[in-house]
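Thank you all for coming. I would like to take you through the strand pairing, the core and the chain contacts, in that order.

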Amino acid sequence: MPTFYLTRKEHFNAAHRLFNPSWSKEKNDAVFGKCANENWHGHNFELFVTVKGSPHPDTGFIVDAKLLSSIIKEHIVDVLDHRNLNMDVPFMQGKLCSIENLVHAIWHQLEPHIPKEVALHCIKLVETPRIFVEYFGK
Amino acid sequence: MGERIAVFRKEHFNAAHRLHNPAWSDQQNSEVFGKCNLPNYHGHNYELIVKVIGEVNPETGYVIDMKVLSDLIQEHVVNVFDHKNLNQDVAAFTHLNPTAENIAIVIFSILRPLLDKTLSLQIRLYETPRNFVEYPSHI
């Protein structure tokens, strides 16, 4: 059977800051610039979750896109939306709050809940219309 | 009076904020503002569209030099709002709830005195790709 890739797009907004606690304020400011603002800043994030698989002969789809949306909403969007990523999100505790690290954490939060008929292929997170990161699980 | 034409300059900034009325109880704030009231802030990529209406200057062909307009927005708005916490870092919101409506009104009040009196000004502010406001509502 041919392989197809299905992407579900979701969105959330959140505050964060880039900050390495083992560095001085001066070094954080020098490396992270405005992103180190101690009072936070924020973004409208767009999340693209891509799974791969073969269409089931009874449905014609590889996975129920509504079901995939519900899973993303429960495990990711409801945890991140309107939150402070540094302070409020259990799976980002102790991590630098870059989008690279956030994408990595989202992958590992989501993968155990992906329906068995498909495999998680890519997590893409768009931080601004000009910046995004993709992670393929390795 | 000659014909008037509208020109638009698009800029962007991102910021943290929360919606909160200090005169209300925590419960009332939570009921009215929902997730937007969460205590540790959230944030947005704001898209700002500044609309200027005026007559075309016959010598330049411009309503306003867009580089001049961009520099004004950059200096007086973007540099003040970008990567900031609107509630904590921007003086205009010390006692004003930083809703999209109020942010647009504040931006208008910043830019209006910087433009020639013959020009009309309107601010469109996108808080998300789905929520945006315009001030003034009619020009």
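Predicted model: local features only at pLDDT ≥ 70, side-chain atom pairs only at ≥ 80, totals over all residues.

In chain B, strand β1 (residues 4-17) and strand β2 (residues 42-55) run antiparallel and are joined by 14 bridges, where strands are DSSP runs of E of at least two residues, numbered from the N terminus, and two strands pair if DSSP finds at least two bridges between them. Within this pair, N14(B) stands opposite N45(B) of β2(B). β2(B) also pairs with strand β4 (residues 120-126) of chain B, again in the antiparallel sense, over seven bridges, and there I53(B) has S120(B) as its bridge partner.

Residues are numbered from 1 along each chain as its sequence is written, and chains are lettered from A and ligands numbered from 1 in the order in which they are written.

Turning to the core, the largest nonpolar one (buried Ala, Val, Leu, Ile, Met, Phe, Trp, Tyr and Cys residues joined through C-beta atoms within 7 Å, buried meaning that 20 or more other C-beta atoms lie within 10 Å of a residue's own, with C-beta atoms placed from the backbone) has 48 residues. Among those with the most contacts inside this core are L85(A) and L125(B).

As for the chains, 19 residues of chain A are in contact with 20 residues of chain B, contact meaning C-beta atoms, placed from the backbone, within 7 Å. On the side of chain A that touches chain B, β2(A) gives the most, with four residues.

Terms used: Contact = placed C-beta atoms within 7 Å. Buried ≥ 20, exposed ≤ 12 C-beta atoms within 10 Å, placed from the backbone.
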